[in-house]
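Subject: Structure handover

Hello,

Here is the structure we discussed, with the sequence alongside. My notes follow below.

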Amino acid sequence: MFDNKIVLVTGGSRGIGKAVGLEFAKTNATVLINYTSSDDAANKAIEEMKKINPNGTFESFKFDVSNYQETENEIKHILDKYSKIDILVNNAGITRDSLFMRMKESQWDEVFEVNIKGIFNCTKSVVRSMVKNQYGKIISISSVVGEMGNPGQANYSSTKSAIYGFTKSLAKELGSKNINVNAISPGFIETDITDVLPDSIKTKYMEMIPLAKFGLPEDVAKSVLFLASDDSSYITGEVLKINGGLYT
Ligand SMILES: NC(=O)c1ccc[n+]([C@@H]2O[C@H](COP(=O)([O-])OP(=O)(O)OC[C@H]3O[C@@H](n4cnc5c(N)ncnc54)[C@H](OP(=O)(O)O)[C@@H]3O)[C@@H](O)[C@H]2O)c1
């Protein structure tokens, strides 16, 4: 599976995005990861992929997904070099938590710029080539808080709800071009984003999770591969929830 497929994972240097890259490395896919700040983390992710598949092709690309021009230029560079992108995983995301009364305009804007505008920028830069090839899988990472809301995350949860509308609209536009557009909505997954939360919040979440454990990045990665594979070719406009039973 994934022979001759080219995958681009945004925010692929750490956390869920890195796990997605490592999972694809077990296949014959060419895995391209994007990141924006830590060269060390990106190099380490590439090294880990090479360990899994010494004959595989893996490369990292540093660009800020919230910057349209930078994203378009880098994706054009990728398309020139690899000729296509078959699978786009819109994973890069940030939090800037604050209770709404105290939330600064910059905290609102930054989260929208990366989490939503970033998805526009990447998808817009890739979609023409997918339409030309009459093949594509676009998978965006939403969040359980996009469904249930969360105090201190009015900005973040709004961006994650927006992914629902984006996914369902684009699925309707691109279905006839053989492009599947889906999203994944993870619950509480152990990564750097959740590591910084106070123990009291972690305990509160744990009490709400029927499976009584936090998810691992690999749990999300395996579902990304399912939605990227032709095993799910009749699924589009769907949001797959990976949350251990943490429903609203
Ligand atoms: N962890 C959870 O519980 C959870 C739950 C639901 C949804 N999610 C979503 O899953 C996705 C991944 O989360 P995570 O927990 O794995 O996060 P993470 O560990 O903080 O990793 C974030 C990744 O995104 C990259 N990134 C951040 N801003 C970027 C930008 N402007 N341009 C390009 N890359 C950028 C980071 O690269 P640098 O290090 O170079 O900045 C890093 O590779 C996010 O969309 C998040 O909202 C996470």
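Which elements do the buried residues of α2 pack against? They pack against α1, β2 and β3 (58–62). Please bear in mind that this is a predicted model.

Helix α2

The helix covers residues 39–52, 14 residues in total, and reaches 20 Å from its first C-alpha to its last, close to the 20 Å expected at 1.5 Å a residue. Its buried residues are A42, A45, I46 and M49. Seen down the axis of α2, these fall within an arc of 95 degrees, so they line one face of the helix. On the face of α2 turned away from the buried side are the exposed residues D40, E47 and K51.

Ligand

The ligand is surrounded by 30 residues, and the closest are G11, G15, G93, S143 and T191. Sorted by class, the shell has 12 nonpolar, 15 polar and three charged residues. At least two shell residues come from each of α1 (15–25), β2 (30–35) and α7 (192–195). Of these elements, α1 and β2 also pack against the buried residues of α2.

Overall fold

The protein chain contains nine helices and seven strands. The C-alpha atoms fill a box of roughly 45 × 35 × 35 Å along the principal axes. Buried residues make up 45% of the 248. Among contacts with a separation of 6 or more, 74% join residues 24 or more positions apart.

Regards

Technical notes
Residues are numbered from 1 along each chain as its sequence is written. This is a predicted model: local features need pLDDT of at least 70, side-chain atom pairs count only at pLDDT 80 or more; totals for chains, interfaces and linings use all residues. A residue is near a molecule or strand if its C-beta atom, placed from the backbone, lies within 6 Å of it. Helices (H or I, at least four residues) and strands (E, at least two) are DSSP runs, numbered from the N terminus. Ala, Val, Leu, Ile, Met, Phe, Trp, Tyr, Cys and Pro count as nonpolar, Asp, Glu, Lys and Arg as charged, and the others, Gly among them, as polar. A residue is buried if 20 or more other C-beta atoms lie within 10 Å of its own, exposed if 12 or fewer, and partly exposed in between; C-beta atoms are placed from the backbone. Two residues are in contact if their C-beta atoms, placed from the backbone, lie within 7 Å. The expected span of a helix is 1.5 Å times one less than its number of residues. The arc is that of the directions from the helix axis to the C-beta atoms.
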